[in-house]
Amino acid sequence: MTAQLLEMPTCGFVATAARSEQLIASSERRTLDPFREVDWEIALDDSAYYLPPEMLALFGTEAWDAMSEVGRIEYSRHETAAMFGAGIWFENALMQIVLRHLVEIDVRDPMHRYLLTEIADECRHSMMFGEFIRRAGTPAYGPTRDVAMVQGPSGRAMSYLAILAIEELLDFANRASMRDDRVHPMVRQISRLHVLEEARHVSFAKSYISESWPTLDAVEQESVRAIAPALVAEIVELSLDPQVFEHLGIADGYEIAKANLSYRANVVDGLGKLTSFLTEVGIIDDTESWIELGLVGRHAAD
Ligand SMILES: [Fe+2]
Ligand SMILES: [Fe+2]
């Protein structure tokens, strides 16, 4: 495979082209249709939590203590719908980024077919998240702002870094949900499907970032290092929707959630795989701004 790849146009990224071939083969072995895999007939009747309680942004606060069990489960339904709504927005952003990138990739490079496969995965995921929201009886939560995109090599590295941050954060919540038998079976099925398919996307993004990073010049690398923490902080910000608390009438819910130590610890843990990967690659060489923004724990940096 390697000899054949060397003769192919690979946009200069031979390792990522080889990884793409593996990921195409893996997609052929297992690509899941949410309208077959998920049992949509199970009622969303608040008989179970929709996320593990510890993953909810208000968990452990006074506002949480003041809620009844029924109220907590209802709140978990809204927060899950908001998480999936943000997922749809993020996947839309990702598809726009990847579609633009595809214009520049030689169709003979395996990356071309792989990235189209990834877009097809995201199309199905967004349909799946949308189906949950339609059945959950909640408002259509989610960011509404435009997707800002930076072009050029450093913009591209930044884009895949953003994609990876989104994927790792969602993966953290998905993994906790799929294993937890307190969680509603529909959410567990959705989470399992998403974890299985996102593993390929994470693998591609890591390969692309690792291989493209050393090709950036010092100025480009410095700009990525400087912007990355604010970009990841923005992704975290977009993942918590103030409309949930407004809709449910939880006074100061958004502010309480943001200050909640349990929520903040979940953010740090959810970003753990991303931040250790970025440290390994050399994109994080000074953790101070990451710590200040609450993306890396003080203890983890010691
Ligand atoms: Fe996805
Ligand atoms: Fe993805």
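A residue is called buried here if 20 or more other C-beta atoms lie within 10 Å of its own, exposed if 12 or fewer do, and partly exposed in between, with C-beta atoms placed from the backbone. The structure is a predicted model, in which local features need pLDDT of at least 70 and side-chain atom pairs count only at pLDDT 80 or more, while totals for chains, interfaces and linings use all residues. Residues are numbered from 1 along each chain as its sequence is written, and chains are lettered from A and ligands numbered from 1 in the order in which they are written.

A friendly place to start is the loops. Asp46 lies in the loop between helix H3 (34-37) and helix H4 (62-65); helices are DSSP runs (H or I, at least four residues), numbered from the N terminus. Because 16 C-beta neighbours fall inside 10 Å, Asp46 counts as partly exposed. Its phi is near 60°, a positive value in a residue other than glycine. Most residues other than glycine have a negative phi. Asp252, in the loop between helix H10 (242-248) and helix H11 (253-259), likewise is not a glycine and has a positive phi of about 55°. With 10 C-beta neighbours inside 10 Å, Asp252 counts as exposed.

Helix packing comes next. Helix H2 (residues 14-29) packs with helix H8 (residues 185-212) at an angle of about 175°, their axes 9 Å apart; axes are lines fitted to C-alpha atoms, for helices over the stretch in contact, and angles run from 0 to 180 degrees between N-to-C directions. H2 and H8 are therefore roughly antiparallel, where angles under 35 degrees count as roughly parallel, over 145 as roughly antiparallel, 65 to 115 as roughly perpendicular and the rest as oblique. Among the residues making this contact are Arg19, Leu23 and Ser27 of H2 and Arg200, Phe204 and Tyr208 of H8; two residues are in contact if their C-beta atoms, placed from the backbone, lie within 7 Å. By class, the contact of H2 with H8 has 4 nonpolar, 6 polar and 3 charged residues (Ala, Val, Leu, Ile, Met, Phe, Trp, Tyr, Cys and Pro count as nonpolar, Asp, Glu, Lys and Arg as charged, and the others, Gly among them, as polar).

Helix H5 (residues 69-103) and helix H6 (residues 110-136) pack at about 155°, with axes 9 Å apart. This angle makes H5 roughly antiparallel to H6. Their contact comprises 14 nonpolar, 7 polar and 4 charged residues. Within H6 sits Thr117, which counts as buried because it has 21 C-beta neighbours inside 10 Å. Beyond its neighbours within four places in sequence, Thr117 is in contact with Ile24 and Ser27. Ser27 is 90 residues away from Thr117 in sequence, yet their C-alpha atoms are 7.7 Å apart.

Helix H7 meets helix H9 (residues 218-238) with axes that come within 10 Å and cross at roughly 30°. H7 is thus roughly parallel to H9. The contact includes Ala157, Leu161 and Ile166 in H7 and Val224, Ile227 and Leu231 in H9. The residues of this contact divide into 14 nonpolar, 2 polar and 1 charged.

Finally, in helix H13 (residues 272-281), Leu274, Thr275 and Leu278 are buried. Seen down the axis of H13, these residues fall within an arc of 90°, so they line one face of the helix; the arc is that of the directions from the helix axis to the C-beta atoms. The buried residues of H13 pack against helix H7 (152-178) and helix H14 (288-292). Gly282, with a positive phi near 105°, follows H13.

Definitions and conventions
Helix = DSSP H or I, 4+ residues; strand = E, 2+ residues; numbered from the N terminus.
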